[in-house]
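Please look through the structure below before reading on.

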Amino acid sequence: MATAIYRTLIKIADKFVPQTFQPLWNHEAGPKTIFFWAPAFKWGLVIAGIGDIYSRPIEKLSIPQSSSLAVTGLIWSRYSMVIIPKNYSLLSVNAFVALINTIQLGRAFMYQNSLQKSQK
């Protein structure tokens with residue numbers, strides 16, 4: 001049922017896409033496929049991570065969570081270049097997930113080091 005609705009919406013939208021955007025629209029990883037929408041929604045993780053950098057107190061950071069997100073971002077970045085079609089949108093979002101969580105890890109480790117120095 002959802003597939004039928006989606007296909008109907010795409011057929012309607014096909015008529016309104018300007019000629020200059022047709023290559024993107026009809027690309028193997030374009031808006032007509034999950035290869036486009038999955039990375040588009042994953043940018044929410046990037047936005048949340050940026051928000052955490054500026055607003056989350058350092059003592060509330062989770063090192064295991066940041067580590068797993070950083071590693072996952074690296075793994076999926078590599079995967080996005082191996083799959084067919086190559087998905088540069090997936091590459092960029094996962095590279096940002098890895099980068100932001102690496103920054104979070106750096107913040108957490110610096111905080112842990114400062115705690116150890118203050119205890120000595």
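A residue is called exposed when its relative accessible area is over 50%, buried when that area is under 20%, and partly exposed in between. The model shown here is predicted. Ser55 has a relative accessible area of 57%, so this residue counts as exposed. Ser55 belongs to helix H3.

Thr8 falls into another class. With a relative accessible area of 44%, Thr8 is partly exposed, because this value lies between the cut-offs of 20% and 50%. Thr8 sits in helix H1, which covers residues 2-14. From Thr8 to Gly30 the distance is 17 Å between C-alpha atoms, for a sequence separation of 22 residues.

Is Ser80 buried or exposed? Its relative accessible area is 0%, so Ser80 is buried. This serine is part of helix H4. Apart from neighbours within four places in sequence, Ser80 touches Lys86, Asn87, Leu90 and Leu91.

One of these partners, Leu90, is located in helix H5. Leu90 has a relative accessibility of 12% and therefore also counts as buried, since the limit for that class is under 20%. Between the C-alpha atoms of Leu90 and Ser80 there are 5.9 Å, while the two residues are 10 apart along the chain. When neighbours within four places in sequence are set aside, the contacts of Leu90 are Pro39 and Ser80.

The chain between helices H4 and H5 deserves a look as well. Pro85 is in the loop that links H4 and H5. The peptide bond that joins Ile84 to Pro85 is cis, with an omega of about 5°. Most peptide bonds are trans.

Now take the chain as a whole. How many helices and strands does the protein have? There are five helices and zero strands, and the order along the sequence reads α-α-α-α-α. Along the principal axes, the C-alpha atoms occupy a box of roughly 70 × 30 × 30 Å. The radius of gyration is 20 Å, whereas a compact globule of 120 residues would have one near 14 Å.

Of the 120 residues in the protein, 25% are buried. Among contacts between residues at least 6 apart, 67% connect residues that are at least 24 apart.

The largest pocket holds about 200 Å³ of space. Its lining consists of 17 residues, and those closest to the centre are Gly49, Asp52, Gln65, Leu69 and Asn101. Which elements give two or more residues to this lining? They are helix H3 (34-55), helix H4 (63-82) and helix H5 (88-119). By residue type, the lining of the largest pocket contains eight nonpolar, six polar and three charged residues.

How values were computed: Residues are numbered from 1 along each chain as its sequence is written. This is a predicted model: local features need pLDDT of at least 70, side-chain atom pairs count only at pLDDT 80 or more; totals for chains, interfaces and linings use all residues. Side-chain values use heavy atoms; hydrogens and water are left out. On a 1 Å grid over the protein atoms alone, a cavity is a set of points where a 1.4 Å probe fits but cannot get out, and a pocket is an open set with protein on both sides within 12 Å along at least five of seven lines; lining residues have an atom within 4 Å of a point. Grid points are joined across faces, edges and corners, and a volume is the space filled by probe spheres set on the points. Helices (H or I, at least four residues) and strands (E, at least two) are DSSP runs, numbered from the N terminus. Ala, Val, Leu, Ile, Met, Phe, Trp, Tyr, Cys and Pro count as nonpolar, Asp, Glu, Lys and Arg as charged, and the others, Gly among them, as polar. The radius of gyration is taken over C-alpha atoms; the globule rule is 2.2 Å times the number of residues to the power 0.38. Buried means under 20% relative accessible area, exposed over 50%, partly exposed in between (1.4 Å probe, protein chains only). Contact means heavy atoms within 4.5 Å.
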